[in-house]
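Biologist: Could you open the model for me, so that we can go through a few side chains together?

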Amino acid sequence: MASVGTHCRRLCRDLGFLPSLPPALLRLTIATSSSGRKPSLHRSQEDFGASDSSSPAWSHRVGPGSPGQAPLLLYLQQRLPPVGPAAFTFVINVVTPAPGHGGKDEVNEEVEPVNMEVMGHPEIYPLVLTTKTQEIFNCRVDEDVTDDQPYKLIKKEDIFEDFKNRGAISDFHPVKKVIQEYPGDEILLVYDKDFKYGLNFYVIGTEEGKENYLNPPEVLEDQEEYKEYSSEEVYIYKAPVSKPWISLGSEKEIEEESVNEATKQTTYMISRKRRKFGAPIKFSDHNASSIKDAYIECTAYPDKNFTLQQVEKDVGMQVIPQIKDRGTQTRWTYPKNATTQYYPREFSEEEKEAVGQSKPFADFFDNVSVGVEIALQQNEIMNTFIDDWKCLAEEEGTFVDKTDTQLKEYQSFTDLHSPMEKMITCVAWHPTIYGLIAVSVAVRLSFEDRVLNSGKLLLQPSLILLWSFSDPIHPQLMLEGPDDIFCFQFCPSDPNIIAGGCINGQIVMWDITAHADRIENIKSGGGRSKKPILKPMFLLEPDSNKEATYIRHCAVSSIENGHRKVITDIHWLADTFEINRMGAVFENRNGICCQLVTCSADCTVCFWDIRPQKALLPQTAEKKKEEVIEIPFDVPSTFLHLDLSWKPLAKVRLSKGETSVDHCPTKISLNESHISQTPDHMVAQDRAGKMEEINPYQNLEGGMAGHLKPIDEFCTKFFVGTEEGEVIYTDWKLERDPETGRLMSKKPVSMHTVHDGAVHTIQRSPFYNDIILTIGGWNVAIWKENVMTGPLLQSCCAPKRYTSGHWSLTRPAVFYVGREDGYIDIWDLLEKTHEPSLSQNICITMITGIKPWPSSSKQQLLAIADHFGTLHILEIPWTLSHPSSNEVSSVQYYFQREVKHLEYVAQRKVIRDKEIKQINMEKERKRSKTYQKSKEQIEAGLKLDYEQYLDLEKTTLISLGLLKISERRSFIDML
């Protein structure tokens with residue numbers, strides 16, 4: 001049988017990396033690791049006979065995926081103990097003897113050590129330490145060296161002692177030269193858990209490298225942010241080297257495994273007369289019935305070879321009695337009227353006294369007194385004289401059909417001038433102008449198509465269209481952006497300020513103050529009417545609708561310091577507070593909304609401040625003069641200080657904690673006090689007066705100026721929905737790491753995975769601040785803040801995936817959910833809680849956005865955007881827009897009942913866990929319990945054992961001939 005070294009040498013030649021060398025001393029080190037098992041090391045060393053001094057020393061490493069993996073795995077399965085799916089790492093060192101020596105004990109040990117100079121670390125020398133060597137030098141994995149302290153200081157004297165004892169087979173032999181030249185007394189040995197440098201350990205061969213590892217230099221905060229995105233390893237490409245083909249018999253195996261045709265092929269020969277070659281062919285029509293053999297009829301006939309006979313037959317019958325329902329009623333055919341009159345019986349004084357002192361009378365009062373007291377208490381709590389039937393009736397505010405529950409088409413908008421197919425990504429009603437709605441559109445392409453057509457997309461403008469009911473064909477304004485806009489929002493303090501998020505991660509700001517007159521056109525009506533009157537644009541400005549009005553953005557954020565991927569959600573923070581870089585909350589002295597919050601697919605939530613930041617060093621006049629940029633005449637200078645230099649104020653990373661992968665947020669929901677609420681309506685006169693005032697955004701002061709007063713007891717927690725369907729409740733405040741001192745995000749307070757797809761909507765109820773609606777995947781969930789056990793309501797799987805949703809603005813029990821097949825599900829919690837109350841088809845494609853708007857007290861509109869770029873305006877029926885008199889309290893009672901139900905389920909789970917634990921302990925107690933005998937039972941057992949002993953003694957003596965059968969004495973009696 002061939003030795004291990006012979007197998008290894010043959011294996012290396014098959015793999016194609018062993019050069020044609022004479023036999024030499026070969027050291028094979030194999031490291032195996034599998035899931036759930038620590039790495040183990042195996043080593044073999046053999047002599048292959050004579051050597052040649054001209055053979056160089058070399059080493060090689062092969063892992064999974066290399067060309068020679070299959071023979072290696074086959075060899076390891078035969079030689080090594082069985083393991084699971086493993087990754088093998090082996091090192092083969094061929095060391096040639098010194099010139100003039102032929103024995104295998106005399107080996108030239110001067111081998112040039114291999115360092116990591118290719119990876120930028122020339123002071124690092126990797127090596128393999130077997131389990132035996134780890135025990136000798138007290139550097140056992142997971143015991144002496146761990147993740148917290150992965151290094152060990154070893155004295156040079158111990159390593160030299162190991163060289164004397166084990167010689168060339170010592171694990172430190174490859175770095176012997178480095179150890180001899182090392183100036184210090186102790187060498188730093190580091191455990192390489194992730195095999196970063198190829199082997200399980202490495203030594204640092206210089207004192208400077210040792211000092212840098214033990215005492216790493218402090219990294220500045222600006223450099224740490226750059227370090228996160230810098231790659232740790234530098235890959236250097238090495239061109240493959242061609243080698244001559246050496247036949248080892250593999251072509252014979254291929255020939256044996258190839259498929260050869262064994263059946264003889266049939267050959268057909270078709271001939272034709274030579275004179276018919278090239279003759280013209282004429283086709284004509286004939287009657288098939290008049291010409292013989294004109295057609296062949298293929299009639300069906302039964303084939304006995306393929307006829308299946310039914311062998312078994314299962315027949316089931318059930319007999320039930322016949323049931324009949326019948327009814328009858330007797331008629332009173334002889335009615336009679338009868339009356340009677342009597343006087344009540346009265347007790348005498350003696351009888352009254354006797355009854356009052358009797359025991360049955362006292363027992364009766366004791367039994368009835370409790371019920372009477374409860375009835376009296378109920379009379380004090382409830383108004384017994386209220387008319388319940390009158391309270392059940394609803395106020396008649398209008399003469400409409402209350403049975404109508406269908407949404408009616410009111411108007412629709414489509415961009416007919418766009419040359420490319422686009423979809424609507426976001427919808428928002430104007431906060432103060434009636435009938436004005438804004439939509440952002442993006443090219444309807446996949447990621448691969450967007451990359452292929454990137455050149456064409458640069459020529460197409462990225463727009464936000466402002467539509468008006470007065471002109472459904474031409475947009476009133478078109479806001480241009482640097483890239484496709486996926487979310488935007490009007491500023492609550494000034495609706496002429498708009499902030500949006502792009503697909504490339506940039507924040508864009510627009511100021512449409514100069515075009516406010518164009519989109520308003522408000523004229524106060526006569527009489528008592530205070531509703532703004534909109535005039536169509538083609539009547540006021542006949543020439544204005546011929547060419548579309550494009551408005552350029554006035555500021556865009558820095559693409560290097562902002563988000564890395566598409567921005568999925570954006571919100572303005574309220575004008576009552578502001579935050580700093582740590583996430584601490586302070587009062588807002590400006591009195592306007594100055595900060596934004598965004599979330600992106602790059603796993604971060606960023607806070608932005610639109611005010612100019614104070615410079616750290618004062619700039620000179622010459623430098624300011626050089627930085628003056630000419631502004632186009634049509635671009636306002638409101639946010640010129642932010643253009644291309646805008647950086648986020650604070651950045652919160654949603655880390656999972658256990659792994660390096662982070663949560664990918666899609667939507668966020670802040671508390672009602674966090675987000676500025678926009679008024680539903682504004683009087684035209686007040687609006688015109690405010691426009692005459694100075695725009696507060698023209699002269700913004702520096703952010704966090706002066707000493708601001710902190711706001712105590714401010715809730716900084718918010719909800720986040722992710723791409724994986726998770727709903728996270730976390731805090732935006734940052735904290736410092738006690739070890740590194742860096743700012744880091746806090747761990748999530750709670751996290752639940754209830755959706756089987758990305759979360760498209762996460763919104764708080766306009767009636768209950770602590771109730772949150774989440775929509776994603778195939779289901780809907782309703783949550784309550786500070787309830788960590790789970791959702792109050794979780795629907796079953798829908799027939800199609802949900803894509804968007806929104807609460808009703810007037811009814812607390814109603815919300816709308818859009819599906820990918822163009823249907824909209826209307827949920828009414830007072831009617832049904834397990835399924836939608838109504839489903840209605842709106843379009844033939846996916847619904848991308850839903851936005852309701854109460855236009856007046858008698859009319860409410862619902863804007864629905866689809867994937868084909870059409871905006872549908874629907875009118876909400878009376879039953880879905882007008883709440884009942886006690887709907888708010890009824891829905892709140894339903895939520896409270898669900899909270900109690902969750903608490904009960906949690907308590908029952910704890911009780912059941914205790915019961916199961918007690919049952920298991922009882923089983924273990926019964927299993928380990930020994931049977932304890934009483935004193936009488938012990939004595940009876942001993943007596944029985946003694947009698948059995950006497951019988952055995954007698955039988956033995958009789959068999960030996962020492963006792964006759966007639967004798968009755970025992971051996972003890974004989975003695």
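Predicted model: local features only at pLDDT ≥ 70, side-chain atom pairs only at ≥ 80, totals over all residues.

Biologist: Okay, rings to begin with: how many aromatic pairs does the count come to?

Modeller: The count comes to 23 aromatic pairs. One of them joins Tyr-191 and Phe-201, whose ring centres are 5.4 Å apart and whose planes meet at 45°, so this pair is tilted.

Biologist: And where do Tyr-191 and Phe-201 lie?

Modeller: Tyr-191 belongs to strand β7, which covers residues 186–191, while Phe-201 belongs to strand β8, covering residues 201–204, so the pair ties together parts that are 10 residues apart in sequence.

Biologist: Is each of them buried or exposed?

Modeller: Tyr-191 counts as buried because its relative accessibility is 12%, under the cut-off of 20%, and Phe-201 also counts as buried, at 1%.

Biologist: What about Tyr-434 and Phe-469, how are their planes set?

Modeller: Their planes stand at 90° with the ring centres 6.1 Å apart, so that pair is edge-to-face. Tyr-434 sits in the loop between β10 and β11, and Phe-469 sits in the loop between β12 and β13, so the pair ties together parts that are 35 residues apart in sequence. Tyr-434 is partly exposed, with 21% relative accessibility, whereas Phe-469 is buried at 16%.

Biologist: Which residues do ring pairs link into a cluster?

Modeller: Tyr-434 and Phe-469 are in that cluster, and ring pairs link them with Tyr-410, Phe-413, Trp-429, Trp-467 and Trp-853.

Biologist: Which residue lies over the face of Phe-163?

Modeller: That is Lys-176, which lies over the ring face at 5.4 Å from the ring centre.

Biologist: Switching to cysteines, how many disulfides does the structure hold?

Modeller: The structure holds 0 disulfides. Cys-594, for instance, is in no disulfide, and the nearest cysteine sulfur, which belongs to Cys-593, is 7.4 Å away. Cys-594 is buried, with a relative accessible area of 2%, and Cys-554 is buried as well, with 4%.

Biologist: Last one, where is Gln-763 found?

Modeller: Gln-763 is found in strand β33, which runs over residues 759–764, and with a relative accessible area of 18% it counts as buried.

Biologist: What does its side chain make a polar contact with?

Modeller: The side chain of Gln-763 makes a polar contact with the side chain of His-806, at 3.1 Å. Leaving aside residues up to four places away in sequence, Gln-763 touches several residues, including Ser-669, Ile-771, Leu-773 and Trp-807.

Conventions. Residues numbered from 1 in each chain as written. Heavy atoms only, no water. Helix = DSSP H or I, 4+ residues; strand = E, 2+ residues; numbered from the N terminus. Buried < 20%, exposed > 50% of the residue type's maximum accessible area, 1.4 Å probe, protein only. Polar contact = N/O pair within 3.5 Å; in protein donor to acceptor, adjacent residues only side chain to side chain. Contact = heavy atoms within 4.5 Å. Disulfide = S-S within 2.5 Å. Phe/Tyr/Trp six-rings, centres within 6.5 Å; stacked < 30°, edge-to-face > 60°. Lys NZ or Arg CZ within 6 Å of the ring centre and 35° of its normal.
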